[in-house]
Each structure stands twice: as structure tokens, then as C-alpha cells.
Amino acid sequence: MMDAFLKRANSTGRSAPQRRPSLKEKPARLADEHPNKKVKREETQRSDLDSDEYQIDTPSLKIQPDARRDDTPDGPADDDVADGSETEDAHVSGPTAIESSLPEIRVDKEAIEEYHNFKASQASQENDSGSASSRLDSRAWVRGKSSLYVDAFNLALDTVLSEEAHLFDDKENRVFKEWRSLSYEAQFLYVRLFLRKTSSWHRISRLNYYHDITDTEAAVKALQERRDLPREASSGRPSSVPPQSDLDTFIQEQCVFQDTFTFADASEDFIDSVEEAVSLLSLDEIKALAKEAKVQGKNKADIAKAICRMSTQQAGILSMGLRRADTPDSVDSSGQNTPDAQSPGPGFGDDGNRRKHFLDKILATTGPCVRLSLSVFKLFERVHLVFYRSTEWTEKSLTTIILAKISRRNFPSYIVSRSSSIFTSRAQLLEFETAMRSEYSVDNILEFNGPVTEAGFRKVIDVFETIHPRWRSILQTEQEREERVYESGEGAYLRRLSPGHAYTRIVHKAAYTLGRLKEHQREHELLTELLSQRLFHLARRGSWYQRKALLEEHYMHALLPNPAYTDPERQKSHWKAIAAATCERALEDPDCHLKYHFDLQKRLVKLEKQLKIPVRLQHDFGHVRLKKPEEHYAEGIQLKKLDVVGKNGRAPSTKTIWIDEAEGEGECSVESMCLSWYRTQGWKGYHAEGGIIRTLFAYLFFDILFLYIPNVFQTAYQTCPLDLHTDAFYPTRASEINHRLVEIANGGAPKLINKVDKQEREKRTCIVGLNWDYELEDLLELADCFDGAALATVCKVMAQEYGQRGGGIPDLILWRIEPQKECMFAEVKSANDRLSDTQRLWIHVLTGAGLRVALCNAVAKEVREI
């Protein structure tokens, strides 16, 4: 049975009202709309955030430096491959799916301390030994016997085991039983280490959890205690799943348990190398050791390497059996005492003794260390994967749900639904994990190891060849489930947790790789196969169509062994006609996103001219021809500060400072100065950077956002469905969204805004993107000035790619009623500023919708030095 906290129940109370922002500034709460946080899980999978370009563009599976390559196209200069414009999505860690769906909650130390104090004030000794959910529901809390972190961790475990225990075998269930037998302090220590780096050693003397753990050494000892496991694991498997032998290639178990296990490892049992031990030292400690060893280095890493070399080099010759010739000095010294063990030098004997000396010395400095056992760690990671229905979760994911529950906020009314059949068997779960690791290995080759060699490309193809037959089999199975099993569009989101989702991305990367290897015929076959399915990665269909049409236009006429025509020119024309048909199918495909339409239209027009199609039969896309953005020049007074030094000695900020002449000569940003300039021209507006667009989207699609779709509402405290930031949101609700777009295009936006505002403003309901600081009057006026069809186009782009299109919207949104109702976007640029790829894409979308877009250049009519 589902824990109580997952049931729908609106919180009472409301957040304090905030002042109305002026037209020249961004509302206060907009400042944190784009959280930029580090993901603590090194193996966090980021494939859930789908980037849509054909090239290597999908975010990494763990944080990596930006390793994008500006690859040279494979063919005709201007249109060979997709331009890889999705750089805003690549290698950027952002909020996870569960975090994005929850309201903005403080999760810092102060918030957690306030939470503990609140719970302590409601303590009830009778519930000390209750479950996590019972403590939450009864508000019983005793410091030292329960904790936010431990209860959140146990809540995930209890929920999974109550509904999906069939995913775990006997040994794993024994681990869970032993976990429950641990003391609170041991559980607290484990959870805190679990939220740190995966395989790091931690010095016990520096585990500063004194407020929660009275005896750290006892807690560590409990985690390091060896415990027995049953000899045989359960082997039951539903008959619908192929026998294990058929899936051996695609299943690699990471949680391998023997007859005994520990929750944590002890350093004395596992640290046996100087290289591993030296990494535990602080800079001061490693400098002291280097001084004794008489080695040097420019930084900590160099010193560590020098110490490791010292531990092996000087004794290397002696350890091979070579000896110095005896001399009188050596004979006389043979009877002397050996040097003090604390000093390196001639007293090490052989290589083993020298290494042992350094190892003992380092471990004496660090003291005992603890590290979580990898098998148990992976097991609990699997529990969280099943609980969050996502490969992404962090410390914030673990705590935000509970903090959201106790926050005095109002949430939308919706049906909480959590299916227990996402993973029908343990084998399917293991295959999904293995598929994700295969996907990561492909990313590691193509993105994170510098320029890719031919050998690297061949490794990618080898991975593809391995999974290709299995991918086809999964496509067939999923298609049958889509037709016979899934209801209400639930399949689109659930398939993200299918091995087929990861396999499809590997196939996508393999198609790119074949293009780099000039194997264009196989690439074309693979693209055709990708386009033949409508189950996985629908958002990529536009890029697949683009590349397929390009291959047909430039390459395929020379590659087939049995061409349709012997005359080369007729064969070229034949394939150009096929390329034109591909462009037509793409433009008619409802899953081909709007951002690809312009390039496809341009290619289709070019091909029809080359094929000499009669003008009356050619396509005419003049009604969507892109207008160039206007150039505006806003004059103002710029301030220049002399001898400015940035924080921590860094270079000063490149942001310019201006004077707002319209608002009391105060200092302001360049955007505020330009906004004031526009106000003098009769415009109203906000510096919102997309915030007001997200607010309009939330108003206009409020009921569709909270439409019943199984599994996208896992808790009662979400501000949006879990699939909003994925490519599953639009196709799952295509009918409702398209009907709403027609209503908006027909001028129905003000009515929709009025309805939602009347229903929700007083409660200030937490809804994704909606900022209640915007006044209703301004929103209605803006919606009235928006051309209906243009607003519908902008909303369609947001519905298709909400996660990817959050950034890049022009800085200023402006509107005016006189001399005529009109709306305009303005991107503010200072000297030397350049448009990013995302900004260009949004400008294309807006101009293609018939909206005015301006590039506002800030010009200093006067410069004052201060």
C-alpha cells in the first residue's frame, strides 16, 4: 500500500504576498528560476533530458567538462549535418525530473534545522519506533532517534518494497532486513555518506555529525560488521520474460553478493597502495610528507605523484636482485642500527618495505577510514531508481519531497497514480541498468576523451551491433503493449524506463558514427529504421528526417549496387525526388518539431527548383518566411569603475553598469536601461527572460498540465507532471494540446487567463513557471496585444520542448495598445556581445510566427568613470 505522503492532500495556508515589480525590473522570484546546482551522483544519468540534434548533443551521464567538437560536415558545405545548436542542453547539470516537478523549496542547513526543531516540538515518545510515514503523519519527531534524511531514505525503501518487492531476490531482501536492524545512528551515518561521492574513503575523525551521532566509532563499527546472507537467491521469474540465458548479453548484475556482506568497508582491509592512500591527505599533510621524503611539486597532485614515485623508484633496482659491491664503509655500517622508521632513506630494504613505510605513515596520519560497500551502495541506488521512476536523483530529491509536504503552500488538485508494473520483472530492471551503462560507454567514447579516432568509432559500432537485434525485439514488444496494454497515453513516459529508450539512443549515435566513417548507405538504412518506429525519442525525428534527406540528395545515387537508372544524371534526379518526398513527409509528421520546419522547407523548395517542377506545383512557404530582427539603438549613460577586481582575485565582471535616467539617476543593468528607453517610446514591458512566457503557458495550459496521465504524478506536492521536461509530454496529450492551440489562435487566451486567475490567484497555487507577481491586468493586456496565431506557435514550441526552450527567449517582452495593438521581443546586446545558438533559434521561432523581434544595441552617449 502506498505511503500516506503519496496520497493527494492539499496543504493549507498561503505564501506571503509580494510587491508588484515595476515595468523596468524582473519580479523578485524570477531570479531563481534557473537553478544551477551540482549533481552529486557521479553516475547520474542525463539521457532523460533529450536534446534533439542529430550530432553529439545529448547531456552527459555525469558532470564532464565541455567536450563538444565542432566537427566538419561530411558533404556540401552549408547543410550536411544538423548544426548542433543544442549547446544549451549539453553538459549542463540541472534539476532532476522529481526536483523540477516540486515547488521551489529551501533545502539548506537552516531549512533542515527549522524542520528538525518543528518536529522536535511535536515529539511523541509513543511513536519513537514508528515507521517513516507514521512519524511524518503524526508529526512525531525526536532528535537523535529520527532524521529528515533517514526518514526520506526509508520512505523510498518502504514504498518500493510494499509494491515492487518482486524486483529483489532473497539476498537483497536479507540486506534490507539487516538495514532495518541497524541503530538510528548507523543508519544516519550511512545515509549521509550515501549522499556523498560514490567510492570515496572518509576519515572517521572528520565525520562531524556530533549533533546527530553520539558515538561515531560505534556507528562505523556497526556498518563494517560482517553479516551472513542466505546461500541461494530466489530464481523465480514470470513466464513472460525470456529465460536468463537469452538475456545474458544484455544483463550485467552489479549488486553481486557472496555469503556475507558489510554495509561499509574498513581502510585497513582495503587500502593497500600508496596511490590510494595519499589521496586522503590534506595539502598541509602532503607537504609535510613531501618534506620528509625530499620531493617537490607545483601543486597537490604533482606532490602526490612524486611521493608515489619515491615509494617505488629508488628501491626498484634492489628489488630486482642487484646489490652494491661491499666497501669498508658498507661493512662497517652493517652492524649499526637501522634509521628511525619515521624517516625515509637507506633503511627500507626492498621495494615492498619502502611502499609499506609510506603506506603506514600515511594511514597513521589519516587514522581509520570508512567507505560504503559498492554492492550495497548499488542496491540502494536501484531502490531509488525504482522509487523516483528516474535515473536522476540527488540529495535535494531525497529531502525536497518531505520539505514540500510540510511547507504551507497550496498545490493543484490532481490524481496521484503510481503503477507497480513499470518493471515487470527483475530481469527487465537489470537489463535497463545494463542498457544505461552501455549508453554511457558510447557517450564516453564520443564525447569525453578528446578527438575520436577510427578505433573509437569502431567500438561504438561494435556496441551497436550487439544491441541491434535486441532493440528490434523490444520495438516489437513495446508496439504490442502500446496497442493492447497501455491506456490514457501512459506508455510514452513509461517507455523512458525501458531498455529500448537507451538502445534507441545508442542506435542514434551509431547512425552519426556511420556518417563519420563515410558508410552512408548503412547510415541511410539505420535512419529509415529509426523513423519507422514512433515509440522512442520522438523529439529527434526532425533531425533524422534532415539527415536522411541530405543523404538522398547528395550520396545515395552513387552508392547502390543496382541503380534504378544507368544514366548518372537521371539517377541523381531520382534520388533528389526521393529527398523531396522525405521533406514532405517530415513537414506532415506531427512529431517533427517546429524548429526543424524552416530548414526542411528551404531544402524542399531548393529540390523542387532543381527538379524543374512546374511553378504551379511547387510548394510556397512565403507565409512563414523568416524576417530579420530589427536593429534598435538605445542611448544611455554608462558607468565605468576604475581598478575593479573580481571576487577572489578573478577578473572583474563583464556586466556593464548604466544610469537609469527615468528612475532617479540610479545605477541599473543594461537591460533596465534599454527597457526605460522603450518606455519613452510608448511601450510597456518586463525584463523577464522568458519568465512571462512560462507564466502565460501555465495559465493557458493549466488544466492540461494536470490532466490524469498514469505515473506522471508520483506525489501530492508536484507543480507539474514528471514528463513535462521530456519529449513524452506533447505526444501523450497531443489531442488536448492541439485543441487548446486552436482556441488560443482564435483569440481565446484572455478568457483562459481570467478563468485560471479567478480560480487560483487567491490561493497562489504552486504551478510550474507561473509567477503570481505579474498583475492580471498586464497579462490580459499582453495576451490581447499578442496575435492569436503567434501566441499559439510560441505555446506549441513550449509544449514540445519545455525543458530545452526555457532559455534563449529575448530579454525584454514589450507591448503597446496605441497606435495599434502589437507585441515585440527585444534582445539586449552590449558591445562585443554575440547571439547564442538558443537565442537564434528563438528569434527564428518568433519571427516565423510573425512577431516583431529587435536586437537592441546599448550605445553609451556618455561614459562616466567612478
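Predicted model: local features only at pLDDT ≥ 70, side-chain atom pairs only at ≥ 80, totals over all residues.
I'm counting a residue as buried when its relative accessible area is under 20%.

**Strand β5**

I started with β5, residues 369–372, and asked which residues sit on each side of the strand. Cys-369 and Arg-371 are on one side, Val-370 and Leu-372 on the other. All four are buried, so by the under-20% cut-off I have both faces down as covered.

Next I looked up the neighbours of β5. Strand β1, residues 202–203, runs antiparallel to β5 and is joined to it by 2 bridges. I traced His-202 across and found Val-370 as its bridge partner in β5. Strand β4, residues 264–266, also runs antiparallel to β5, with 3 bridges between them. What stands opposite Arg-371 here? I found Asp-265.

Lys-518 is not a glycine, yet I read a positive phi of about 65 degrees for it. I placed Lys-518 in the loop between α21 (499–516) and α22 (520–531).

Arg-764 is another non-glycine with a positive phi, near 50 degrees. It belongs to the loop between α31 (749–760) and α32 (776–785). Is Arg-764 buried or exposed? Its relative accessible area is 9%, which is under 20%, so I logged Arg-764 as buried.

Last stop was a cis peptide bond, from Glu-818 to Pro-819, with omega near 0 degrees. I found Pro-819 in the loop between β10 (812–816) and β11 (822–829).

Definitions and conventions. Residues numbered from 1 in each chain as written. Heavy atoms only, no water. Buried < 20%, exposed > 50% of the residue type's maximum accessible area, 1.4 Å probe, protein only. Pairing = 2+ DSSP bridges.
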